[in-house]
Amino acid sequence: MTGLDDLPLRDDLRGSTPYGAPQKPVRIQLNVNENTHPVPDEVVNHVTAAVERAVRSVNRYPDREFTELREHLAAYLSDSEPSHPVTPEQVWAANGSNEVIQHVLQAFGGPGRRMLGFPPTYSMHSIIAAGTGTEWVTAHRDAEFRITPETAVAAIEREQPDIVVLCAPNNPTGTPLGLETIAAAYDATDGIVLVDEAYAEFMPAGHASALSLLPGRPRLAVSRTMSKAFAFAGARLGYLAADPALIDALRLVRLPYHLSAITQAAAVAALQQAPAMLATVEAIRAQRDRLLVELPTLGYSPHESWANFVLFGGVHDPRATFEYLLANDIIIRDVGLAQHLRVTAGTEAETSEFLDVLAKMPR
Ligand code: PMP
């Protein structure tokens, strides 16, 4: 049988492993930080009607500039951060924020260039670096997975990266990131600072996002996604806000018509229903906070989280605990950190069942 070693694969990809969150047909899926609430009926109807209209002209290529979608995304971001409105010229989008991040690396990374990250962090950052031939360099976090301005600046001075990626809040730890760290990182580099805000909507109300730092910082990019709070993971729509010149750089590397007419129509329709799509965010935050309170009563040590998941320590045997939950029709995530597991905050019923099953685990 042919193996990878038999193929003329790029040398720098030999020995690497693909992204591999297990996909299993389990009743309670709390492993990839989706919004687990069903899509509301009124949204289903609205999106379906929009997609039907789009299908009538799929004989034509879609709007390469996804103009209407950029207008809706700019309006959505401006609503969420009214003191720092974003214009459509400052918005980019692609098939998931993974593709948005890939565009950033294609334009600003690549062979001979390096990206600095702070593990444990989102595993795709290093995988996208590998795929684009960008060297992935790392620096340690402080206690409790935090990054102070001093830590970030010291790492940037040491590594001299072309791109710095900061995940805020961080996956898989849930750790918040202060705006002062982002600003200090920006001042310490001539490169791109990419802030991955996939979980921004779960941050405490009133906390400013990195969007507020965009004015006057043309090398700063803030990526977001409709996959998490927005309950739209299956539609694949991620986006980014930055200076219009940075957006122009991404146009150099995108494939023409990368966002299908169906994706564009569905995303615009979902954004028109933003309040309904986001109605569950408060309930999800409440379940996250409940996990933070109840896991310690079971002997585990959860870490502070501003996202829709909780990383918890004190797990004697993560593999065995994962398998035990799986045998009970619940899947969570082993993120490869010693004595830790990560669980998504689901519906109240899902969270209750997870906690009940975990409490009954023979230890
Ligand atoms: N960034 C972070 C921090 C994530 O956790 C994820 C999804 N797990 C993504 C980006 C990518 O999400 P998507 O491609 O669905 O937008």
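**The mixed sheet and its surroundings**

Tutor: Strand E5 (residues 163-167) and strand E6 (residues 192-196) run parallel and are joined by five bridges. This is a predicted model. Within the pair, Cys167 has Asp196 in E6 as its bridge partner.

E5 and E6 belong to an open sheet of seven strands, ordered E2-E8-E7-E6-E5-E3-E4, in which the pairing is mixed. At the edges stand strand E2 (91-94) and strand E4 (135-138); each has a single partner strand, so one side of each is left without a neighbour in the sheet. On average, neighbouring strands of this sheet are turned by 25° against each other, direction ignored.

Helix H5 (residues 149-159) lies across three of these strands, namely strand E3 (114-117), E4 and E5. Relative to E3, H5 runs at about 155°. In the loop that leads from H5 to E5 sits Gln160. Gln160 is not a glycine, yet its phi is positive, at about 50°. As background, most residues other than glycine have a negative phi, and most peptide bonds are trans.

Pro119 and Pro120 are joined by a cis peptide bond, with omega about 0°. Pro120 is in the loop between E3 and H4. Another cis peptide bond links Ala168 to Pro169, and here omega is about -10°. Pro169 is placed in the loop between E5 and helix H6 (179-188).

H4 leads on to a helix pair. Helix H3 (residues 97-108) and helix H4 (residues 123-131) have axes that come within 10 Å and cross at roughly 45°. That angle makes H3 oblique to H4. The crossing of the two is right-handed. On the H3 side, Asn98, Ile101, Gln102 and Leu105 take part, and they meet Met124, Ile128 and Ala129 of H4. By class, this contact has five nonpolar and two polar residues, and no charged ones.

The ligand comes next. Around the ligand there are 13 residues, of which Gly96, Ser97, Ala198, Thr225 and Ser227 come nearest. The shell divides into four nonpolar, eight polar and one charged residue.

Helix H1 (residues 41-55) packs with helix H8 (residues 261-272) at an angle of about 150°, their axes being 8 Å apart. H1 and H8 are therefore roughly antiparallel to each other. Their crossing is right-handed. H1 contributes Val43, His46, Val47, Ala50, Val51, Arg53, Ala54 and Val55 to the contact, while H8 contributes Ala261, Ile262, Ala265, Ala266, Val268, Ala269, Ala270 and Gln272. In this contact 13 residues are nonpolar, two are polar and one is charged.

The model also has a sheet of three strands. It is open, has the order E9-E10-E12, and its pairing is antiparallel. Strand E9 (301-302) and strand E12 (341-344) are at its edges, each with a single partner strand, so one side of each lacks a neighbour in the sheet. Strand E10 (residues 309-313) pairs with E12 over four bridges in the antiparallel sense. One of the bridge pairs there is Phe312 with Leu341 in E12.

Note on methods
Residues numbered from 1 in each chain as written. Predicted model: local features only at pLDDT ≥ 70, side-chain atom pairs only at ≥ 80, totals over all residues. Axes fitted to C-alpha atoms, helices over the stretch in contact; angles between N-to-C directions. Parallel < 35°, antiparallel > 145°, perpendicular 65-115°, else oblique. Left-handed = near helix turned anticlockwise from the far one by under 90°. Contact = placed C-beta atoms within 7 Å. Nonpolar A, V, L, I, M, F, W, Y, C, P; charged D, E, K, R; others polar. Near = placed C-beta within 6 Å. Pairing = 2+ DSSP bridges.
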